[in-house]
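Reader: I'd like to learn how to read a protein structure. Could you walk me through a few features?

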Amino acid sequence: MSGIPAIFSHFVTNLPAFHQVLVFLCIKSVSVPHVQPEERFLVGRIGPKKYRIYRVIVRYGYRDVQKDDVEFEKDLVSSIAEFIRCADSNQNSFMDGASHSCEGLSFISKGLPLEEEEGEFDGSDSTGSSAHKEINPNTTAPKPKRVRFALPKDTKIDREVRGELQELMEAREAGMSFITGRSHMKAKSGSGLIKQIVINFGYEFLRRNSRGPAFAVNLPHVSTVEVGMICLV
């Protein structure tokens with residue numbers, strides 16, 4: 001819920017690739033039956049704006065029904081977009097009641113909605129389109145749909161904020177990947193026999209049978225990557 005996960009440093013060190021937009025996601029189970037939708041997402045920023053790094057905490061009650069992966073991705077992106085829009089409106093002093101601040105993070109009661117609009121072909125595609133029509137005159141290609149954030153018409157959005165929202169949407173359309181961390185504890189070489197038995201076997205047995213799942217949300221398996229890290233003690 002705070003700081004930078006150790007698994008991220010391990011991941012970047014061994015696979016030096018940095019995503020266009022990075023979100024540290026924490027799934028938090030709270031000891032209440034249900035969490036109100038307006039109190040589910042907490043969003044914050046890590047580092048300067050140009051890094052595009054955010055922290056999101058999603059809270060669930062023990063009787064809440066979790067959404068599928070598609071709806072979860074949509075709500076996640078919409079909540080970050082609303083945070084970006086509101087944070088610029090009055091420097092984290094939100095005026096429209098859609099968000100309020102708490103310990104560096106902001107409750108996002110309603111994410112910025114998404115809408116689809118028909119794509120338009122520019123002049124560069126006219127040649128290819130005419131050639132296609134000559135081959136198949138009866139076939140009409142469907143117009144591509146472009147997804148964007150539905151910004152309020154009466155709200156003035158700064159150019160920098162629009163650029164940040166555009167990068168967020170481009171990253172979403174390019175594809176989202178979920179990186180989960182799993183740490184394994186092993187005894188150092190040269191440790192005593194009792195220590196090796198306790199850590200390598202006893203601790204591993206308790207970890208598998210006592211701890212909850214690594215993540216408590218329906219993530220798409222196709223775009224989920226698990227990164228392991230061995231901690232020597």
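This is a predicted model: local features need pLDDT of at least 70, side-chain atom pairs count only at pLDDT 80 or more; totals for chains, interfaces and linings use all residues.

Reader: Okay, how many residues does the largest nonpolar core have?

Author: The general idea first: in soluble globular proteins, nonpolar side chains tend to be buried together. Here the largest nonpolar core has 24 residues, and those with the most contacts inside it are Val 56, Phe 72, Ile 80, Phe 83, Ile 84 and Leu 168.

Reader: Which elements give two or more residues to this core?

Author: Look at strand 2 (41–45), strand 3 (53–60), helix 2 (69–90) and helix 4 (159–174). Helix 2 gives the most, with eight residues.

Reader: What is Phe 83 in contact with, leaving aside its neighbours within four places in sequence?

Author: Its partners are Val 43, Gly 44, Arg 45, Tyr 54, Ser 106 and Ile 108.

Reader: And how do I read an aromatic pair?

Author: You describe a pair of aromatic rings by the distance of the centres and the angle of the planes. The count here comes to one pair. Phe 8 and Phe 24 sit edge-to-face, 5.3 Å centre to centre with 85° between the planes. They link distant parts of the chain, with Phe 8 in helix 1 (residues 6–14) and Phe 24 in strand 1 (residues 22–29), 16 residues apart.

Reader: Are Phe 8 and Phe 24 buried or exposed?

Author: Both are buried.

Reader: Which residues make the nonpolar surface patch?

Author: Leu 193, Ile 197 and Phe 201 make a patch of about 360 Å². Ile 197 belongs to helix 5 (residues 193–210). Ile 197 counts as partly exposed because its relative accessible area is 44%, between the cut-offs of 20% and 50%.

Note on methods: Residues are numbered from 1 along each chain as its sequence is written. Side-chain values use heavy atoms; hydrogens and water are left out. Patches are made of residues with over 30% relative accessible area and no salt bridge: like charges are joined within 9 Å, nonpolar side chains (Val, Leu, Ile, Met, Phe, Trp, Tyr) within 5 Å. Accessible areas come from the Shrake-Rupley method with a 1.4 Å probe; for residues, only the protein chains shown count as cover. A salt bridge is a side-chain nitrogen of Lys or Arg within 4 Å of a carboxyl oxygen of Asp or Glu. Helices (H or I, at least four residues) and strands (E, at least two) are DSSP runs, numbered from the N terminus. Buried means under 20% relative accessible area, exposed over 50%, partly exposed in between (1.4 Å probe, protein chains only). Rings of Phe, Tyr and Trp (its six-membered ring) pair if their centres lie within 6.5 Å; planes under 30 degrees apart count as stacked, over 60 as edge-to-face and the rest as tilted. A nonpolar core is a set of buried Ala, Val, Leu, Ile, Met, Phe, Trp, Tyr and Cys residues joined through side-chain atoms within 4.5 Å. Contact means heavy atoms within 4.5 Å.
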